[in-house]
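I opened my notebook to look up a few spots in this structure. Here is what I wrote down.

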Number of protein chains: 2
Amino acid sequence: MRMEQLTDQKAIDYLTHLGQFGRLENGGVTRFVYDDAWIAAMNHVLRDARTRGMAASVDSYGNGFMTYQGKTADQVVAAGSHIDTVNQGGLYDGAYGVTAAVLAMSSLVAEFGQPKKTMTAVAFSEEEGSRFPTSFSGSKHYAGVTETAADLQDHQGMTFGQARQSAVSQLAKTWPVIEQPLPIEFLELHIEQGPILEEKGLSVGIVSAICEQKRFTVTVRGQTNHAGTTPQHLRRDALKAAAKLICDLDEAAGKIGEPLVFTVGELTVQPGSSNVIPGLVKFSVDVRHPDKQIVDQFEALLRKKASQTPKVTVQVDRWLDSRPAIMDARLKHQFEQLIAKRGLAYMTLPSGAGHDTQIMNLKVPTAMLFVPSRNGISHSPKEYTAPADLETGITILKAQLYQECY
Amino acid sequence: MRMEQLTDQKAIDYLTHLGQFGRLENGGVTRFVYDDAWIAAMNHVLRDARTRGMAASVDSYGNGFMTYQGKTADQVVAAGSHIDTVNQGGLYDGAYGVTAAVLAMSSLVAEFGQPKKTMTAVAFSEEEGSRFPTSFSGSKHYAGVTETAADLQDHQGMTFGQARQSAVSQLAKTWPVIEQPLPIEFLELHIEQGPILEEKGLSVGIVSAICEQKRFTVTVRGQTNHAGTTPQHLRRDALKAAAKLICDLDEAAGKIGEPLVFTVGELTVQPGSSNVIPGLVKFSVDVRHPDKQIVDQFEALLRKKASQTPKVTVQVDRWLDSRPAIMDARLKHQFEQLIAKRGLAYMTLPSGAGHDTQIMNLKVPTAMLFVPSRNGISHSPKEYTAPADLETGITILKAQLYQECY
């Protein structure tokens, strides 16, 4: 393939090709970190980059790096996302960010020649947490935030360390294994995975922040008893107490208002018979907002309401607390200008979902663009973004990279 | 054992002896219909009755009948309860009703000789529904209400028909198998299985009715979605809708007031991940009240609220509807007089639990007495009724039987 041909390649063609690795009968994709489909996909992405004149390598986590060396070699501008998927995922989540980085960079080089700063497209090894009980292991290694415990196990009992070593040694047959220095900034394109851009009829959105997110397990202890012979006034019903707590919290969430999201996704009842008053209920609470203070307020409210619930005892355990990732003001403003100059409408919105960018944001300035998700659907074979919107996102990324690297 | 000795026997001794069959390490009892412990228990009860001068037999369901023939042979007054237990049950549930009938009748005959009417103590084969997916199979057969399907299976895959045939053929080695005619009335003593008599400090309660009882499965269908990226206003959250419905129904139940009981004992959430908005929730509704009209009103309210729930669809399926069993006014009034004459305090209360009497009530006049359950506990090895209360109940039953049979 010649360089000119490559620059004409449509994002949807790149994504469709990449989506062959781990493809399912139903049109979806399952590609877990370090599995065979993942290794094939990573090899494919790196080989494709080589045909585009990029220097291709992996690091010891199997993150893929595709680089156009800059004239001023010591500064790297990186862009990308992840190539792993959830179980029964789609073509776009993660893969679009890799596609966009590769296509934007190779198009720039074809058009403008060697950049001043080095441009690196990154295909992170793992973000979804679908195989091992961890997530963002790729970007955490690249950013030097955390190394992932080697003894974490997947459902088959294989450890993260074994899987990583096996996969990286296979990649190492073709690609040099080189640890990469931190870039000076990181850019990511991603599908929104929500319905807001579609609802507003916009092709592109600028991410203001990745939300502060907390998760809790709430345990309600009452008294198991006979559903027929225990009068209402003597009951200590764990489920009715839980239902009231959920209703109260949802009302409070409504008063705080969007973009706060409050979700109870899990709830279990014991003993769980139709004629027995529940003695024990456990449920999850997931709360997110771009402003950490508001999430902290919600947690305080949850704890207060829990302690005030009559007749039962309520225990609140927080098991996840991710600080919000605020996008860089300059990069965000530059995105706004570049979009406006093209006469495109856009909006600024927080990301309720987590992304590799939140890890990179711990170390370097970051910026993110969203393109619309049809019906807000993601993590599903039904994931879809219109090809024109994919192109719009790449056009803006290309312009941003031009500003940053040329 | 001589007759005079038998009439002095305490109820707790009889119960303790019967409780040896199926006894557990923790002091509880597991005695499922037609199992070895059940066969041994039935043989024991019938043998004991024979020593008391009663004619003992079984029918084709293994119901045990222990009879003092009356001078006027064509009228039978029956009293009793069941000898099967739940898994990990106690000494008293069911067994007390058999104990009371046998001890009251043999004490009457010892004191007053042959009755005018025939007195039959009944040990029903099965009431609890703990082995096969059916309950009241013994009383349903005796009353001629329903025959139980032979192909129902227990957890080991044995059918009801096989188990019945095997158990009854073993009993038939010792006892004649005789189908019994309907009695002219049926009396049952039972532990309350609730906390009301204990709360009021009473030794005995007269049952006004066995509650009308309805059970439903409520299915709430919303839309599964990402907990981070779906704004609150676009959610169709099945769990929040279910929680609101449960809260609203509980508030309505409170307004209707006791003795209505409303229980949600089962609730399941799909897909059931902390970061996914629930798309499907199923929960049970159990509602009971001695007045059928009030239960019907509650059902109408449930259906109305279900149909008015916004953003989701709610389906209500009723799978149990037992009509209330109203106790016979004359027998109830006679109980009141007999209790009052002895200077005892009592109350009249509905039964929230089901009993063999509700089946007999479909065909003949019935009456029921409750004795207190400590802490309202039943279906547990912790089941306990004070020996003095056991005796009080039997004294009243004996007086009632005297009025009816002599």
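I call a residue buried under 20% relative accessible area, exposed over 50% and partly exposed in between, with a 1.4 Å probe and protein chains only. By that cut-off A:H190 is buried, because its relative accessibility is 1%.

A note on the source: this is a predicted model, where local features need pLDDT of at least 70, side-chain atom pairs count only at pLDDT 80 or more, and totals for chains, interfaces and linings use all residues. Residues are numbered from 1 along each chain as its sequence is written, chains are lettered from A and ligands numbered from 1 in the order in which they are written, and side-chain values use heavy atoms, leaving out hydrogens and water.

Next I checked UniProt, whose unreviewed entry lists A:H82, A:D93 and A:H190 under "binding site" (positions are in the numbering used here, feature names are shortened, and annotations may be inferred rather than shown by experiment). The three span 109 residues in sequence, yet no two of their C-alpha atoms are more than 9.9 Å apart, so they gather at one spot.

I then placed A:H190 in strand 5 (residues 185-191) of chain A; strands are DSSP runs of E, at least two residues, and helices are runs of H or I, at least four, both numbered from the N terminus. A:D93 sits in the loop between strand 3 (72-82) and helix 4 (95-112) of chain A. I found A:D93 buried too, at 6% relative accessibility.

Which residues does A:D93 touch? Leaving out residues up to four places away in sequence, its contacts (heavy atoms within 4.5 Å) include A:H82, A:E128, A:H190 and A:E383.
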